[in-house]
Amino acid sequence: SPIWADGFQYRIYSRAKDKAGNTGSISESDFVFDITTPTAQITTIRSYEVSPTTGVYSSLTQITGTAVDTTGGSIAGWLDKIELHIERPAQSGFPLRYWRADTRSWDATQGKEADIYWSSATIHRTNVSASSWTFTNLPSGGDWNHNFTYIIRSRAKDQALPVSNLQQTFVLNESSFTIVWDNQPPVCNVVSYEDEDSNGIVNPGIDGWYVAGTAADTPGGILAASDIKLRIARLDGSTTYYWTGTVWQTGMTEIVPDSFMSPNWDYTFSDISKLISDQRYFLYVRGIDNAIPKNVGSYGSPVEVIVDTTPPVGIITFPKQGQFYRGASLGTLSGTANGDLSGIKKIDIELRRFDTPNWVVVRPFGLCGRDGSFGTVNWSTNTTGINWETGKQYAIEVKVYDLAGSTQVTISSVTWTVDDGVPSVTLYEPVLSKWADYTKSTGTASDTVSYI
């Protein structure tokens, strides 16, 4: 009615007068004319549409906010109730649904604005025009779906008569919020650690041990390198040590990568003098995302690596240095080799002969047989097809490669001489007519290659 002004208080006076002229006492009644709808605002969540870095949630146990009934005049009406509405739009093969707090289930048997989908919050003060409120009748953890979008709205209703004023307008990031659910931690992996042969054995270079991997999270994302945690451990006997970034210690600790540019992270163990060779190392990684509250990942199974900076060693046990041998005894040449924990990749053997004034290759470097790969192993090579020349000097060289990529630094070698010539003997005495006169024998003996 144009005679009533919104938000103003009015007083109505009434009295009765009968036909005899008697006039009753005056009674009065005050009221506020209120045709303005109240508004309810949510204050504890943020909308993904406005701020993707803060609109992702992993847990939501309560929503709080404020409500006010401000009219066009100087006096406001009183709040009656605050209600919330949660919508799960159709997505990922799931149909459109609304949260029904009374049955604690998702439902779509009625229209979107049906009263059954609006659930009451607790108003902290009653019979006032402004109050804070709390809503706790939310879906439980299992009712939210990872990476799903949800729309949450709040509305207020006042006590105006005969029909309360009910909020009909919803403002983004005030009374209407779109959130995204994220209840899973980041997926993190170690993917590179200078293992060129993919055998779990590494020999870091002088510029450090470079370790890299990936860390990804949807939809919360990972903000910075500080949200990625690395753990580097090594096993020395039965004791495990953990790298702090500067020293090893027995107490568990973790470090952060040097850099992170989603989804790639990297870390360089720069002080290689503190990498103890021939020990087992374990690389762990976990991540923390940007959901509210944050999903904190845990360490899974580590990547196990053997760090081997010690070159392998090969030794020749037969033939011996500087000795003389008949060709028939040289059918197999042998020795030992050691690659410790990393293991031996291959053993190469080369045979040479000295033809004055040069050494000539009889058999170029090639693989030989061995009886194992780890620790100290025995190796041997067959010389079938080699024609040993008597009086000639021969040499064998052995070079060992391990699975960490190291090569024997000082090549082992042995030289010997082949002697297939028979020695000669000349008898000078006795020259006798009968054995009864024999007293001694004399003569000479010689060998053109080796010694008598």
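Which residue in β19 is the bridge partner of Y242? The legends below refer to a predicted model, and the first view takes up this question.

**View 1. The pairing of β18 with β19.** Strand β19 covers residues 248-249 and runs antiparallel to β18, with 2 bridges joining them. The bridge partner of Y242 in β19 is Q249.

View 2. β17 spans residues 228-236, and β18 spans residues 239-243. The two strands run antiparallel and are joined by 4 bridges. R234 has Y241 of β18 as its bridge partner. This hairpin has 2 residues between its strands, and G237 adopts a positive phi near 70 degrees.

**View 3. An open sheet built from β14, β16, β21 and β20.** The 4 strands follow one another in the order β14-β16-β21-β20, and their pairing is antiparallel. At the edges lie β14 (187-192) and β20 (259-261), each of which pairs on one side only. On average, neighbouring strands of this sheet are turned by 20 degrees against each other, direction ignored.

View 4. β16 comprises residues 209-216 and runs antiparallel to β21, which comprises residues 264-269. The two strands are joined by 6 bridges. G213 has W265 as its bridge partner in β21. W265 also belongs to the lining of the largest cavity, which is the subject of the next view.

**View 5. The largest cavity and its lining.** Searching the whole structure gives 1 cavity of 30 Å³ or more. The space in the largest cavity is about 40 Å³. Its lining consists of V190, V211, L230, I232, W265, Y267, L283, Y284 and V285. By class, the lining residues are 9 nonpolar, no polar and no charged.

View 6. At least two lining residues of the largest cavity come from each of β17 (228-236), β21 (264-269) and β22 (279-287). β22 supplies the largest share of this lining, with 3 residues.

Key:
Residues numbered from 1 in each chain as written. Predicted model: local features only at pLDDT ≥ 70, side-chain atom pairs only at ≥ 80, totals over all residues. Heavy atoms only, no water. 1 Å grid on protein atoms, 1.4 Å probe; cavity = no way out; pocket = protein on both sides within 12 Å on 5 of 7 lines; lining within 4 Å. Points joined across faces, edges and corners; volume = space filled by probe spheres on them. Nonpolar A, V, L, I, M, F, W, Y, C, P; charged D, E, K, R; others polar. Pairing = 2+ DSSP bridges. Axes fitted to C-alpha atoms, helices over the stretch in contact; angles between N-to-C directions.
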